[in-house]
Amino acid sequence: MMLRKTFDNLPYSLPFLVVSAVAVVLFFPTWFRLATVWLEFEQVLAHGLATAVIFLGLLVIHPPRPASSTSGVIQKPYLLLGGIALIGVTLVWLLLELVRIDTLAYLVLPAGVMAVAWTLLGFHRALSFLPYVALLSLSLPFWADLVPPLVSLASAVVGSWVRLFGMTALIEGNSITLPYGRLLIADGCSGIRYFAISILLAMMTSILNDYRWKGWLITVVVAMLIGLVANWVRITILVFVAYETNMQSDLLTDHETMGWIVFGAFILPALYFSPVRKRSKANQQPTAIRLNIAKAGIPALIIAMLLGPVALTLAQTSAGQQPAWTLELDGFQARGESNDLPLPISLPSYLDQKILKAGNTSVSLAQSQKTTADDKLVPYLPTMFDNSTWQIEERVAPGVSLYLNILTRDRVLMAQWYQVGSRSSLNYRKAKLLQIPATLSGENRFALVTIQVPCSDRDCSDELSRLERIKTMVETQL
């Protein structure tokens with residue numbers, strides 16, 4: 001039965017399968033890296049490979065609804081616009097690949113698939129393909145960027161629920177201190193997996209029911225709320241268990257199964273009561289298997305191929321070595337490791353870190369160079385310190401924050417910025433974008449600069465003045 005249905009759908013699914021294959025070939029380096037990320041099965045992207053398989057499965061068993069007789073006519077102006085869009089997307093992808101901004105390169109992939117569909121199939125058929133490409137977009141590795149806001153949101157909601165139930169608790173950010181211990185709403189409590197799977201199931205339901213955009217949007221929003229609420233209820237249950245058992249329950253250290261049970265209690269009824277619509281067979285008359293690709297879009301595809309993978313292969317060259325940055329600050333001496341800083345930071349091994357100290361003031365210069373085409377000018381930087389213990393008490397100036405250790409009550413002023421060649425940024429995402437002008441101008445040096453001064457006074461005015469003075473001295477030497 002399934003095989004017969006697949007064969008009957010082949011005339012409708014084949015053009016979209018070909019478009020997907022062409023998009024993979026056109027942007028192959030990025031798709032290949034994405035596939036390696038899928039196979040790592042990290043917590044925030046464990047659904048990546050499954051999402052890609054579901055995308056292909058839906059194309060085969062439930063292809064985009066055939067266009068009506070009026071919208072099925074491929075119009076040349078639309079094809080011309082599609083070709084221009086494809087060439088534009090390819091040029092953007094080429095630039096991102098040259099400077100190796102992987103996150104943005106991944107986000108270009110769905111746009112590339114849609115541009116290829118527009119160029120080869122026309123605007124209307126490409127538009128019917130959009131919900132499927134949106135589902136495929138869920139396999140992209142952007143979920144880690146949603147973890148911090150989800151943790152903050154969960155901390156605020158669960159904290160308000162704890163106060164509502166009248167439990168004795170001290171709530172500081174994502175930390176909940178109970179009479180017999182402390183609970184931390186860490187990254188693992190963000191509920192990112194429940195959130196992602198809820199959206200995936202909602203998109204599958206919308207595609208299988210051929211929802212219009214209003215129904216599609218409502219279904220996805222409801223699914224997002226279900227994923228969030230299920231996670232908040234899970235965390236609240238853990239707080240109740242910790243409170244009632246004096247932090248002695250095994251559930252506090254092993255609650256993976258409990259979390260999925262709570263999520264299932266929310267999502268399964270939603271799936272059960274969701275409406276089911278069978279696709280009308282009136283629009284699916286038996287059709288001979290033919291590709292039905294617009295030949296007028298092939299020249300644009302050839303140009304995109306030359307401007308994309310071919311140009312990328314020719315443009316990739318190794319960067320020359322440049323002298324490393326050095327700091328010479330009066331009264332400062334090189335000593336210690338990152339753990340000796342007032343607020344210890346943990347940095348990747350590929351950063352060469354030097355620490356200068358004078359009294360209780362510390363300056364850290366951690367730098368790297370891009371030496372090959374595959375290297376990133378601005379490398380990946382994981383969380384540098386324990387933000388569950390060290391929390392921002394006050395942002396005293398641009399790029400300068402006062403941190404409080406909620407356990408020891410120590411306070412540290414810290415200034416930190418990213419140096420990308422001759423340009424600097426206080427924001428990591430902006431620093432990633434600075435790779436573009438830096439790479440085009442032949443610069444290949446990166447540094448993370450950190451200045452720390454412990455603060456014991458109430459207003460920290462003296463420490464702030466000292467930090468700003470040292471910051472100015474360091475900036476003049478980079």
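1. Start with helix 11, which spans residues 298–315 and contains Ile 298. This is a predicted model. Ile 298 has a relative accessible area of 38%, so it counts as partly exposed, the class between under 20% and over 50%.

2. Ile 298 also belongs to a nonpolar surface patch.

3. Next, the strands. Strand 1 (residues 170–172) pairs with strand 2 (residues 175–178). The sense is antiparallel, over three bridges. Ile 171 faces Ile 176 of strand 2 across this pairing. The two strands form a hairpin with two residues between them. Gly 173 lies in that turn and has a positive phi of about 65°.

4. Strand 2 has another antiparallel partner, strand 3 (residues 181–184). Here there are four bridges. Leu 178 stands opposite Gly 181 of strand 3. A hairpin through two residues makes the join between strand 2 and strand 3.

5. How many aromatic pairs does the structure hold? The count is 18. One of them is Tyr 272 with Phe 273, in an edge-to-face arrangement. Their centres are 5.1 Å apart, and the planes stand at 90°. Are Tyr 272 and Phe 273 buried or exposed? Both are exposed.

6. Elsewhere, ring pairs build a cluster. Its members are Phe 16, Phe 55, Phe 129 and Tyr 132.

7. Lys 471 places its charged end over the ring of Trp 417. The distance to the ring centre is 5.2 Å.

Terms used:
Residues are numbered from 1 along each chain as its sequence is written. This is a predicted model: local features need pLDDT of at least 70, side-chain atom pairs count only at pLDDT 80 or more; totals for chains, interfaces and linings use all residues. Side-chain values use heavy atoms; hydrogens and water are left out. Patches are made of residues with over 30% relative accessible area and no salt bridge: like charges are joined within 9 Å, nonpolar side chains (Val, Leu, Ile, Met, Phe, Trp, Tyr) within 5 Å. Accessible areas come from the Shrake-Rupley method with a 1.4 Å probe; for residues, only the protein chains shown count as cover. A salt bridge is a side-chain nitrogen of Lys or Arg within 4 Å of a carboxyl oxygen of Asp or Glu. Buried means under 20% relative accessible area, exposed over 50%, partly exposed in between (1.4 Å probe, protein chains only). Rings of Phe, Tyr and Trp (its six-membered ring) pair if their centres lie within 6.5 Å; planes under 30 degrees apart count as stacked, over 60 as edge-to-face and the rest as tilted. A charge sits over a ring if NZ of Lys or CZ of Arg is within 6 Å of the ring centre and within 35 degrees of the ring normal. Two strands pair if DSSP finds at least two bridges between them.
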